[in-house]
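Welcome, and thank you for taking a look at this model with us. Please keep the viewer open while you read the notes below.

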Amino acid sequence: MTKSLSDGRTITLDIEPADGSAMPRCVARAQDGAMIDWAGVISQLPEAARPAPELTHRLNKIVLTSDEAASLESLLQKARAVYDATPEGAAYALRCRRDQLVRAVEDIASLSAHRRETSFDDEGGDGLAAYLAGEGKADQLKETEAREALADFDAKHPEVAAAVRAEREQKRRRLLDAALDL
């Protein structure tokens, strides 16, 4: 799809694989083929940020009409469906799911620690007891559930957990090598 910009330039909007991956992304290219911008999502512009009433969406810095956004989004969804059916796409989806589970564990652990620490701030003196009797038990239950969900996922998909461990080990070795090269 081509689009004329307010400065008179014409650009091409298309769906292409991301660098080093088959995952599709939206790209904007100048007439000479040089990439101007890219994004994995098309987002809606807040009303106050719209340069003109008909420009309702954006692809990073490129503003779009609702029709242009719908056309690009349709192309992107079709390309993602094809990508998701590939082994790389399936592996990526599993990795994203695991990352969500890890974030859930981290979020509840952080919230629980924050609540526990601030319970000592209670001037009445019963904050910790109240926390341990109420929110503390609920937080522990949520954290246990989140950790079990992650453990279940890792048991069902050991290849994903192994890939994460391998990446961590590679990173550790790079850091160790860099430290030893001083």
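## Helix H4

The expected span of a helix is 1.5 Å times one less than its number of residues. Helices (H or I, at least four residues) and strands (E, at least two) are DSSP runs, numbered from the N terminus. This is a predicted model, in which local features need pLDDT of at least 70, side-chain atom pairs count only at pLDDT 80 or more, and totals for chains, interfaces and linings use all residues. Residues are numbered from 1 along each chain as its sequence is written, and side-chain values use heavy atoms, with hydrogens and water left out.

Helix H4 covers residues 135-156, and at 1.5 Å a residue its 22 residues should span 32 Å; the end C-alpha atoms lie 31 Å apart, which agrees. Which residues of H4 are buried? With buried meaning under 20% relative accessible area, exposed over 50% and partly exposed in between (1.4 Å probe, protein chains only), the buried ones in H4 are Gly136, Asp139, Glu143, Ala146, Leu150, Phe153 and Asp154. Down the axis of H4, these buried residues fall within an arc of 120 degrees, so they line one face of the helix; the arc is that of the directions from the helix axis to the C-beta atoms. On the face turned away from that buried side, H4 carries the exposed residues Lys137, Gln140, Leu141, Ala155 and Lys156.

## Serine 110 in H2

Serine 110 sits in helix H2 (residues 87-119). With a relative accessible area of 46%, serine 110 is partly exposed.

## The nonpolar cores

A nonpolar core is a set of buried Ala, Val, Leu, Ile, Met, Phe, Trp, Tyr and Cys residues joined through side-chain atoms within 4.5 Å. The largest one has 14 residues, of which Leu13, Cys26, Ile42, Leu59, Ile62, Leu64 and Leu72 touch the most other members. Strands E2 (10-17), E3 (24-29) and E7 (62-65) and helix H1 (66-84) each give two or more residues to this core. Apart from it lies another core, of seven residues, including Leu101, Val105, Leu150 and Val160.

## Strand pairing

Two strands pair if DSSP finds at least two bridges between them. Strand E1 (residues 2-4) runs antiparallel to E2, joined by three bridges, and serine 4 stands opposite threonine 10 in E2. The hairpin of E1 and E2 has five residues between the strands, and glycine 8 there takes a positive phi near 95 degrees.

E2 and E3 also run antiparallel, with six bridges joining them. The bridge partner of glutamate 16 in E3 is arginine 25.
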